[in-house]
Amino acid sequence: MSRPLVISDCDEVLLYMVAHFRDWLGESQGVEFSMVGNDFRESMRWRQSGELVDPAEIWGFLRAFFDTEMHRQNPIPGAVEGIRTLSEHADVVVLTNLSDDHRDMRAAQLAEHGIHARVFTNQGPKGPALKAIVDEYAPSRAIFIDDLAQHHRSAAETVPHVDRLHLCGEPMLAGRIACAHEAGHAHARIDTWEHALPWLMDRTLGVDA
């Protein structure tokens, strides 16, 4: 019989990202990062002029960060232990929105923190990639964990039978981003692994944490 399957995002679910990205921008790129509402595009200004960074340049900074600065990222509290516990009962993979040439870097990064999982890279909405993973594993049950509402919407539209947990472990973002649970696209919204793990174990695996 096939095992259950957990498909987890990485940034702000397993590892902090935006706080380290902010620090790197300020230290070496001459850019001040400060969240304004929930619009990432309005969060970055050139320190010297105060002007907003052009969206095309934002993508360039993100690419550069993942090219050279992934070593900065550290785990969300409870994430490593949570994934290890889930791995005792289910297959666990990571679905991350990075370019394909970052796949091995992401896998190595996670392994350094004690998370040994197969990594899938994706660009754009995650529903189609999620469907391909579920089709490959043919699990008895499956759950998807992500910090962004748009990916839960995509998942709900593409693989509605997959359980969906909206989890954002970064306090800087958690109170600002749209909630997939409120929108009806996630089955729950839980922003700490301390409280998410019992839900995951019970809802998806039928096991007490």
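**View 1. Q109 and its polar partners.** The side chains of Q109 and R106 meet in a polar contact of 3.0 Å, and the side chains of Q109 and Q73 are joined by another of 2.9 Å. A polar contact here is a pair of N or O atoms within 3.5 Å; within protein, one must be able to donate a hydrogen and the other to accept it, and residues adjacent in sequence count only if both atoms are side-chain atoms. Please keep in mind that this is a predicted model, where local features need pLDDT of at least 70 and side-chain atom pairs count only at pLDDT 80 or more, while totals for chains, interfaces and linings use all residues. Residues are numbered from 1 along each chain as its sequence is written, and side-chain values use heavy atoms, with hydrogens and water left out.

View 2. Q109 sits in helix α4 (residues 103-112); helices are DSSP runs of H or I with at least four residues, numbered from the N terminus. With 6% relative accessibility, Q109 counts as buried (under 20% relative accessible area, 1.4 Å probe, protein chains only). Beyond neighbours within four places in sequence, Q109 is in contact (heavy atoms within 4.5 Å) with L15, M70 and Q73.

**View 3. The W24 and F61 ring pair.** Seven aromatic pairs turn up in a search of the whole structure; rings of Phe, Tyr and Trp (its six-membered ring) pair if their centres lie within 6.5 Å, and planes over 60 degrees apart count as edge-to-face. The rings of W24 and F61 are edge-to-face because their planes lie at 80 degrees, with centres 6.3 Å apart. This pair links distant parts of the chain, 37 residues apart: W24 in helix α1 (residues 18-29) and F61 in helix α2 (residues 55-68). Both residues, W24 and F61, are buried.

Notes. Helices (H or I, at least four residues) and strands (E, at least two) are DSSP runs, numbered from the N terminus. Buried means under 20% relative accessible area, exposed over 50%, partly exposed in between (1.4 Å probe, protein chains only). Rings of Phe, Tyr and Trp (its six-membered ring) pair if their centres lie within 6.5 Å; planes under 30 degrees apart count as stacked, over 60 as edge-to-face and the rest as tilted.
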